[in-house]
Amino acid sequence: MNLLIMGLPGAGKGTQAAKIVEQFNIAHISTGDMFRAAIGNETGLGLLAKSFMDAGNLVPDDVTNGIVKERLAQEDIKTKGFLLDGYPRTIDQAHALDQNLADLGIALDGVINISIDPAKLQERLSGRIIHKVTGETFHKVFNPPAETYNEEDYYQREDDKPESVARRLEVNIAQGQPIIDHYRTQNLVHDIDGDQDIDLVFADIEKVLSGLK
Ligand code: AP5
Ligand code: MG
């Protein structure tokens with residue numbers, strides 16, 4: 001299966017993506033995770049991406065299109081399929097992806113669109129914690145790692161500070177609608193209510209994907 005998962009920052013893309021790729025054994029391609037890995041490794045890409053990300057802005061399209069193109073050309077994609085998380089994020093990226101997939105002879109099977117009231121996202125992002133070793137994402141209140149846990153084992157994302165979050169929401173709300181419309185005209189979009197418990201959101205996604213297989 002070749003899928004996209006879309007939704008505003010904090011909608012639950014990464015949380016659901018982890019479950020989807022495990023259940024359906026497909027490759028998870030998260031542009032945000034790729035940029036954060038590059039920042040961690042202090043590569044040129046990381047240095048470039050960091051200034052955009054910390055401010056809550058998008059990394060330039062040519063850079064982002066380039067890393068996705070490279071990843072989609074790898075061998076496992078044709079055999080396993082993929083779930084793209086956080087890409088495309090501009091209409092130009094959507095057009096670049098169309099071209100890229102056409103060149104590779106790959107068709108998209110569906111777009112999972114997690115919808116949620118933007119007013120709920122601030123508390124999701126301010127409470128997000130990520131395990132330093134495994135990279136697994138949790139939430140202090142909504143999805144704590146355990147009843148008692150050591151806060152020092154977890155970190156918070158730089159761009160989860162309130163000023164970055166406000167900018168991320170602004171950018172993503174403005175850019176997102178034309179992309180959804182683009183895929184709606186191709187009858188690929190499956191709307192999922194993101195304002196439910198994590199397991200209930202996943203149950204809804206599973207229903208959709210079982211129908212696509
Ligand atoms: P990216 O990493 O993609 O961030 P984002 O889109 O802002 O989304 P998030 O990862 O913050 O949220 P999510 O939807 O994955 O939510 P999560 O599951 O973690 O991008 C970061 C930056 O990289 C961008 O701002 C940009 O600079 C750059 N970038 C990336 N892609 C780019 C592109 N294509 N073009 C240009 N630049 C790009 O959940 C959030 C929290 O809520 C967690 O704590 C979780 O436990 C909790 N939670 C999840 N689901 C639920 C639920 N149902 N109920 C209660 N809590 C929940
Ligand atoms: Mg994410």
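Axes here are lines fitted to C-alpha atoms, for helices over the stretch in contact, and angles run from 0 to 180 degrees between N-to-C directions. Helices (H or I, at least four residues) and strands (E, at least two) are DSSP runs, numbered from the N terminus. The model is a predicted one, in which local features need pLDDT of at least 70 and side-chain atom pairs count only at pLDDT 80 or more, while totals for chains, interfaces and linings use all residues. Residues are numbered from 1 along each chain as its sequence is written, chains are lettered from A and ligands numbered from 1 in the order in which they are written, and side-chain values use heavy atoms, with hydrogens and water left out.

Two packed helices are described by the angle between their axes and the distance between the axes. For α6 and α8, the axes come within 8 Å and cross at roughly 35 degrees. Contact, meaning heavy atoms within 4.5 Å, joins Ile 91, Ala 94, His 95, Leu 97 and Asp 98 of α6 to Pro 178, Ile 179, His 182 and Tyr 183 of α8. Sorted by class, this contact has 6 nonpolar, 2 polar and 1 charged residues; Ala, Val, Leu, Ile, Met, Phe, Trp, Tyr, Cys and Pro count as nonpolar, Asp, Glu, Lys and Arg as charged, and the others, Gly among them, as polar.

A second pairing brings together helix α2 (residues 31-40) and helix α3 (residues 44-54), whose axes come within 7 Å and cross at roughly 120 degrees. That angle makes α2 oblique to α3, given that angles under 35 degrees count as roughly parallel, over 145 as roughly antiparallel, 65 to 115 as roughly perpendicular and the rest as oblique. The crossing of α2 past α3 is left-handed; the term applies if the near helix is turned anticlockwise from the far one by less than a right angle, and right-handed applies if clockwise. On the α2 side, Gly 32, Phe 35, Arg 36, Ala 38 and Ile 39 take part, and they meet Leu 45, Gly 46, Ala 49, Lys 50 and Met 53 in α3. The contact of α2 with α3 comprises 6 nonpolar, 2 polar and 2 charged residues.

Apart from neighbours within four places in sequence, Val 63 is in contact with Phe 35, Leu 45 and Leu 48. Between Val 63 and Met 6, the separation is 57 residues in sequence and 20 Å in space, C-alpha to C-alpha.

By class, the contact of α1 with α9 divides into 7 nonpolar, 3 polar and 3 charged residues.

Turning to the aromatic side chains, the structure holds 2 aromatic pairs. Rings of Phe, Tyr and Trp (its six-membered ring) pair if their centres lie within 6.5 Å, and planes under 30 degrees apart count as stacked, over 60 as edge-to-face and the rest as tilted. Phe 138 and Tyr 154 form an edge-to-face pair, at 5.9 Å centre to centre and with 85 degrees between the planes. This pair links distant parts of the chain, with Phe 138 in strand β6 (residues 137-139) and Tyr 154 in strand β7 (residues 154-155), 16 residues apart. Tyr 149 and Tyr 154 also pair edge-to-face, because their ring centres are 5.4 Å apart and their planes stand at 80 degrees. Together, Phe 138, Tyr 149 and Tyr 154 form one aromatic cluster. Both Phe 138 and Tyr 154 are buried, whereas Tyr 149, at 26% relative accessibility, counts as partly exposed; buried means under 20% relative accessible area, exposed over 50%, and partly exposed in between (1.4 Å probe, protein chains only).

Glu 42, in the loop between α2 and α3, has a positive phi of about 55 degrees although it is not a glycine. Asn 187, in the loop between α8 (162-184) and β8 (189-193), likewise is not a glycine and has a positive phi, of about 60 degrees. Glu 42 is exposed, with a relative accessible area of 69%, and Asn 187 is exposed, with a relative accessible area of 69%. A cis peptide bond joins Tyr 87 and Pro 88, with omega about 0 degrees, and Pro 88 sits in the loop between β3 (82-85) and α6 (91-104).
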